[in-house]
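I opened my notebook to look up a few things in a new protein model. Come along and check each entry with me.

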Amino acid sequence: DKIRIINFSTNYGKIESVLNNYSDVHSLCYSLDGKYLFSGNQNGDIVVYDIENNLELLKYRTGAKQIIRINISADNKYLFASDIKGKLKVYSLLWE
């Protein structure tokens, strides 16, 4: 299975982009500015997408069996990911 993220324009419902993830996705969250989408999947990967440019920026293999929940901190500096075994990992986000 794969996830397809479809970005619709406000002009007549035109499809502007489609992003693919080739594993079951368990959690999604956006950066606070809405420019990036983070997904956590069944393979233990965290995938980062650049929504504006329709790009997969990074696939980070966490070593976990499955990522079941991800979220971003209120200050946009940290990404939290919990795995199927209940471990919580905190990742520092370095924005350019």
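My entries below go from the whole chain to single residues.

**Ground rules.** I am working with a predicted model, where local features need pLDDT of at least 70 and side-chain atom pairs count only at pLDDT 80 or more, while totals for chains, interfaces and linings use all residues. I number residues from 1 along each chain as its sequence is written, and my side-chain values use heavy atoms, with hydrogens and water left out.

**Whole chain.** I looked up the secondary structure and found 0 helices and 9 strands. Helices (H or I, at least four residues) and strands (E, at least two) are DSSP runs, numbered from the N terminus. Along the sequence I read β-β-β-β-β-β-β-β-β.

Next I checked burial: 39% of the 96 residues count as buried. Buried means under 20% relative accessible area, exposed over 50%, and partly exposed in between, with a 1.4 Å probe and protein chains only. The chain exposes about 6,400 Å², and carbon and sulfur atoms supply 49% of that area. These areas come from the Shrake-Rupley method with a 1.4 Å probe; for residues, only the protein chains shown count as cover.

I found an open sheet of 3 strands in the order β7-β8-β9, with antiparallel pairing. Its edge strands are β7 (67-72) and β9 (88-92), each pairing on one side only. Strands of a sheet pair through backbone hydrogen bonds, either parallel or antiparallel. Two strands count as paired if DSSP finds at least two bridges between them. For β7 and β8 (residues 78-83) I noted 5 bridges. I also noted that I70 stands opposite A81 in β8.

**Salt bridge.** How many salt bridges does a search of the whole structure find? I got 1. The term needs a side-chain nitrogen of Lys or Arg within 4 Å of a carboxyl oxygen of Asp or Glu. R61 forms a salt bridge with D45, and their closest N and O atoms are 3.3 Å apart. The pair links distant parts of the chain, 16 residues apart: R61 sits in strand β6 and D45 in strand β5 (residues 45-50).

L57 lies in strand β6 (residues 55-61) and is partly exposed, with a relative accessible area of 46%.
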